[in-house]
Amino acid sequence: CVSGGGGGGAAPPATASVDQAAARELVAWLTVEKGMANGAANSVSFGDGAVATLLADVRAGEPLIAIPQNLTVTSVDVADSPIVAGLAAGRGELVGLALWLCHERAKGRLSEWAPYIATLPNAGPDHPLMWPAEDITTFLKGSPAVAQALSRAADAAEEYASIRDAIRGDPANFPADVYDFLSEPAFTDALATVLARAVWLNAANCYAMVPLVDLLPVVGAPAPGVNPALAGGGPGARKSGLASAAGVVDYDAATECVTVVCANDSQQTASVICVDPLARNSGDLFLCTGVVDPDHCGDYLTFTASTVNTDRLYQAKKQILEAMDMSADGQDFPVFADRMPLQLLAYMRFARVQEPSELMTVSFEEDRIVSPMNEYEILQLLMGDTREKLGEYESSTEEYELLQLKEKGLSSRARTAAQLILGEKRVINATTTAVRRRLAPIRGIPTKKGLEDPNADLLEIFDTIENLPNKPKEMFENFRAWARGDFEDDLKPKGKL
């Protein structure tokens, strides 16, 4: 159903220009021309900006939207297209869908999918795939998203060049005039749109463009094992305000439909959201959708750990880790804000044991200390990692971004980047606090002289190493202070003006 009901909040850029008329026309096309059941989306209203809200109270487990599989677009439809099938062969699903979208956009009103294409507007200049390299490195300085954003832009350009080479190399199968629609800006924008709107279907193990479903804003999923209802917010998530209807999307083989099932009890007028089926962090979601979810309930950063290849036990450790499907030379672990990274700690304990007898004492299932010295070392290393990550940003404090977000006239790119970096810093700072709490009982022991650190010498070495990256900055700050004349009073002879 499509109505003018409000209460859904702001629309993400990928759907902001989709007006109520386009959404209404899409529903009419799906039901009248394509035979979709009338009740397939009767619980949801799409207003201007494709903001979705509930038309009635909904219980957890009830379906919100059901789109028959023949009304979705997948790699099967790409392979059936005589124009883009040959170019898409051997390429990724998302590239194939981008080629399909390019072609359908070029057809205009003649496209069989025209009512649907009308709800797939251009991604716009603020999608990360459209950012120039200078903006990426400036606004996202310190964020892991920098390397990924630059890499994705380079990959898109390389993919387009490869497609153009294929067209030039086989004019018999790919006549140049037929592919005039496939310019680089058109392809890049279509790819950005597909990145923002394609839905991952776990049960079908594929991406799909799904009418109506892909209008729902994608929000961060909770950590593994946590009820997806948490993504809806509200009192159940210890947050104020009305909870959103947390939709879980997947393919239902029994009905042969892509369904959106509500994960929580939701009230009429509540906004409808889609819980990210890929459980991406804020950085990955931003790179795909161009939007940062400030309330991402399962946000995380990736920390990488490795063994020491000069370790005399390196080969034994490598064999054991590979047997557990882990790498000895660089293993990634998700680190969440609300829990200790136990798998990361277990890996680091294992990487730092020095005695063969201790190898099998490390547990990857339980949070078990090998020895106080081993625990002290790995916690200090983890503390150093968090400090190093914070040191990569323009400022290590969260206040920097909080002040930025209060500025009037801040560009949309700068605002989005500040929101992303603020979330990343919160994860890092939460991890730092958790590590400090673990270090507290290990660092000091009571003696007759008071609280002394049994590893004081080792601690001094670690602290010196950790603070090395800050030395150039400290020197520059001291130089600036001298240039301002802050030290003049200290340089004047005593007793003279």
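A residue counts as buried when its relative accessible area is under 20%. Leu 212 has a relative accessible area of 0%, so Leu 212 is buried. With that word in hand, welcome to this structure, which is a predicted model.

## The overall picture

The protein holds 17 helices and 13 strands. Of its 497 residues, 46% are buried.

Let us look inside. The largest nonpolar core has 75 residues. Phe 46, Leu 64, Ile 65, Leu 99, Leu 182, Phe 187 and Leu 212 are the residues with the most contacts inside this core. The helix that gives the most to this core is H4 (residues 93-107), with 8 residues.

Leaving aside residues up to four places away in sequence, Ile 65 touches Ala 40, Ala 41, Val 44, Phe 46, Val 213, Leu 216, Val 258, Thr 259 and Val 260. A second, separate core has 36 residues, including Tyr 347, Tyr 376, Ile 428 and Ala 434.

| Pair | Axis distance | Angle |
|---|---|---|
| H4 (residues 93-107) and H8 (residues 184-197) | 8 Å | about 120° |
| H11 (residues 342-352) and H12 (residues 372-391) | within 9 Å | roughly 120° |

Start with H4 and H8. Their angle of about 120° makes H4 oblique to H8, and H4 passes H8 in a right-handed crossing. On the H4 side, the residues that meet H8 are Leu 94, Val 95, Leu 97, Ala 98, Leu 99, Leu 101, Cys 102 and Arg 105. Their partners in H8 are Ala 186, Phe 187, Asp 189, Ala 190, Leu 191, Thr 193, Val 194 and Leu 195. By class, this contact has 13 nonpolar, 1 polar and 2 charged residues. Leu 99 of H4 and Phe 187 of H8 take part in this contact, and both are also listed among the residues with the most contacts inside the largest core.

Now turn to H11 and H12. The axes of H11 and H12 cross at roughly 120°, and the two helices are therefore oblique to each other. H11 passes H12 in a right-handed crossing. From H11, the contact draws on Leu 344, Leu 345, Met 348, Arg 349 and Arg 352. From H12 come Asn 374, Glu 375, Glu 377, Ile 378, Leu 379, Leu 381 and Leu 382. Here the classes are 7 nonpolar, 1 polar and 4 charged residues.

How many of the 11 residues of H11 are buried? The count is 8, so H11 is largely enclosed by the rest of the structure. The buried residues are Leu 344, Leu 345, Ala 346, Tyr 347, Met 348, Arg 349, Phe 350 and Ala 351. Tyr 347 also belongs to the second core.

## Two residues with positive phi

Finally, back to Leu 212. Although Leu 212 is not a glycine, it has a positive phi of about 70°. Leu 212 lies in the loop between strand E5 (206-208) and strand E6 (218-219).

Asp 325, likewise not a glycine, has a positive phi of about 65°. Asp 325 sits in the loop between helix H10 (314-323) and strand E11 (331-336). Is Asp 325 buried or exposed? The relative accessible area of Asp 325 is 71%, so Asp 325 is exposed, whereas Leu 212 is buried.

Note on methods
Residues numbered from 1 in each chain as written. Predicted model: local features only at pLDDT ≥ 70, side-chain atom pairs only at ≥ 80, totals over all residues. Heavy atoms only, no water. Axes fitted to C-alpha atoms, helices over the stretch in contact; angles between N-to-C directions. Helix = DSSP H or I, 4+ residues; strand = E, 2+ residues; numbered from the N terminus. Parallel < 35°, antiparallel > 145°, perpendicular 65-115°, else oblique. Left-handed = near helix turned anticlockwise from the far one by under 90°. Contact = heavy atoms within 4.5 Å. Nonpolar A, V, L, I, M, F, W, Y, C, P; charged D, E, K, R; others polar. Core = buried A, V, L, I, M, F, W, Y, C linked by side-chain atoms within 4.5 Å. Buried < 20%, exposed > 50% of the residue type's maximum accessible area, 1.4 Å probe, protein only.
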